[in-house]
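Please examine the structure shown below before reading on.

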Amino acid sequence: EAQVTQNPRYLITVTGKKLTVTCSQNMNHEYMSWYRQDPGLGLRQIYYSMNVEVTDKGDVPEGYKVSRKEKRNFPLILESPSPNQTSLYFCASSVGLGFEQYFGPGTRLTVT
Amino acid sequence: DQQVKQNSPSLSVQEGRISILNCDYTNSMFDYFLWYKKYPAEGPTFLISISSIKDKNEDGRFTVFLNKSAKHLSLHIVPSQPGDSAVYFCAARLIQGAQKLVFGQGTRLTINP
């Protein structure tokens, strides 16, 4: 089954404690992206990757890091989380930009 | 700077009637537009798309209209069904400079029986 998986689905952490949200897709997609969803702001892109070892900033990259060492995986790293990073995070993949993006189920992160 | 705007946070429609969701954009460099549907506790799922060279695309009960001069697109759902109750996001593709999708804020559609 074609899918995008994210782990964990829910995470409560404290300010400053490094965390990683994993994302994996099994469709051999080249394009992957991370979004955060906040009330009244919709989905905002954090980082995206056009292919292995090719990543670039989206609209709200501050406080986040990503890596793309393998085609299927695109982890999101928060080196020092802060409360303003409390949000719902989605990973997505697609054949290319503008094509149908497949989204993961989301990770709800709370930073206290 | 919200380049893609969905000005109606919510919309309520009676079952069987037409639902019209609207989206406005400001950047004339967008070349492709998409609509996504999102149920609670799930990720968004792709619904329908349209290229900027077209003004209409239809897929079953769903039709997207694009008015480039007004920088406006709309999604029509006919007839509306209870399962259509969800949050709908429009998105636009920007291919100049940073290649990315820009999403609107979303509209919550409720279909009443």
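## Secondary structure of chain A

From the N terminus on, the elements of chain A in this predicted model follow the pattern β-β-β-β-β-β-β-β-β-β-β. The count is accordingly 11 strands and 0 helices.

## Overall dimensions of chain A

Chain A contains 112 residues, and a compact globule of that length would have a radius of gyration near 13 Å; the value for chain A is 13 Å, so the two agree. Along the principal axes, the C-alpha trace of chain A spans about 35 × 30 × 25 Å.

Of the 112 residues of chain A, 51% count as buried. The chain exposes about 5,200 Å², and carbon and sulfur atoms supply 52% of that area. Chain A carries 12 positive and 10 negative side chains, with the centres of the two sets 7 Å apart. When contacts between residues at least 6 apart in sequence are considered, 52% of those in chain A join residues at least 24 apart.

Strand β11 of chain A, residues 107–111, has a covered face made up of A:Thr107, A:Leu109 and A:Val111. The uncovered face of this strand holds A:Arg108 and A:Thr110.

Which strands are joined to β11(A) by bridges? One is strand β2 of chain A, residues 10–13, which runs parallel to β11(A) and is joined to it by 4 bridges. Within this pairing, A:Thr13 has A:Val111 as its bridge partner, and A:Val111 belongs to the covered face of β11(A). Another is strand β9 of chain A, residues 87–94, which runs antiparallel to β11(A) and is joined to it by 3 bridges.

## The surroundings of A:Ser87

A:Ser87 is placed in strand β9 of chain A and stands opposite A:Leu109 in β11(A). The two residues are 22 residues apart in sequence, while their C-alpha atoms are 5.5 Å apart in space.

Is A:Ser87 buried or exposed? Its relative accessible area is 5%, and a residue counts as buried under 20%, so A:Ser87 is buried. Residues up to four places away in sequence being left out, A:Ser87 touches A:Arg36, A:Gln37 and A:Asp38, together with A:Thr107, A:Arg108 and A:Leu109. A:Thr107, A:Arg108 and A:Leu109 are residues of strand β11.

## Overall description of chain B

Chain B has 11 strands and 0 helices. Read along the sequence, its pattern is β-β-β-β-β-β-β-β-β-β-β. For its 113 residues, a compact globule would have a radius of gyration near 13 Å; chain B has 14 Å, which agrees. The C-alpha atoms of chain B fill a box of roughly 45 × 30 × 20 Å along the principal axes.

Of the 113 residues of chain B, 48% count as buried. Its accessible surface comes to about 5,400 Å², and 47% of this belongs to carbon and sulfur atoms. There are 12 positive and 9 negative side chains in chain B, and the centres of these two sets lie 3 Å apart. Among contacts in chain B between residues at least 6 apart in sequence, 55% join residues at least 24 apart.

## An open sheet in chain B

What is the order of the strands in the open sheet of 5 strands in chain B? The order is β1-β3-β8-β7-β6, and the pairing is antiparallel. Strands β1 (4–5) and β6 (56–59) of chain B stand at the edges; each has a single partner strand, so one side of each is left without a neighbour in the sheet.

Within chain B, strand β7, residues 62–67, is joined to strand β8, residues 72–77, by 6 bridges, and the two run antiparallel. In this pairing, the bridge partner of B:Phe62 is B:Ile77 in β8(B).

## A buried loop residue in chain B

B:Ser52 lies in the loop between β5 (45–51) and β6 of chain B. This residue is buried, with a relative accessible area of 15%. Its neighbours within four places in sequence aside, B:Ser52 is in contact with B:Phe30, B:Asp31, B:Phe33, B:Leu66 and B:Lys68.

Conventions. Residues numbered from 1 in each chain as written. Chains lettered and ligands numbered in written order. Predicted model: local features only at pLDDT ≥ 70, side-chain atom pairs only at ≥ 80, totals over all residues. Heavy atoms only, no water. Rg over C-alpha atoms; globule rule 2.2 N^0.38 Å. Buried < 20%, exposed > 50% of the residue type's maximum accessible area, 1.4 Å probe, protein only. Contact = heavy atoms within 4.5 Å. Areas by Shrake-Rupley, 256 points an atom, 1.4 Å probe, with all protein chains shown as cover. Lys, Arg positive; Asp, Glu negative; His and termini not counted. Charge placed at Lys NZ, Arg CZ, Asp CG, Glu CD. Pairing = 2+ DSSP bridges.
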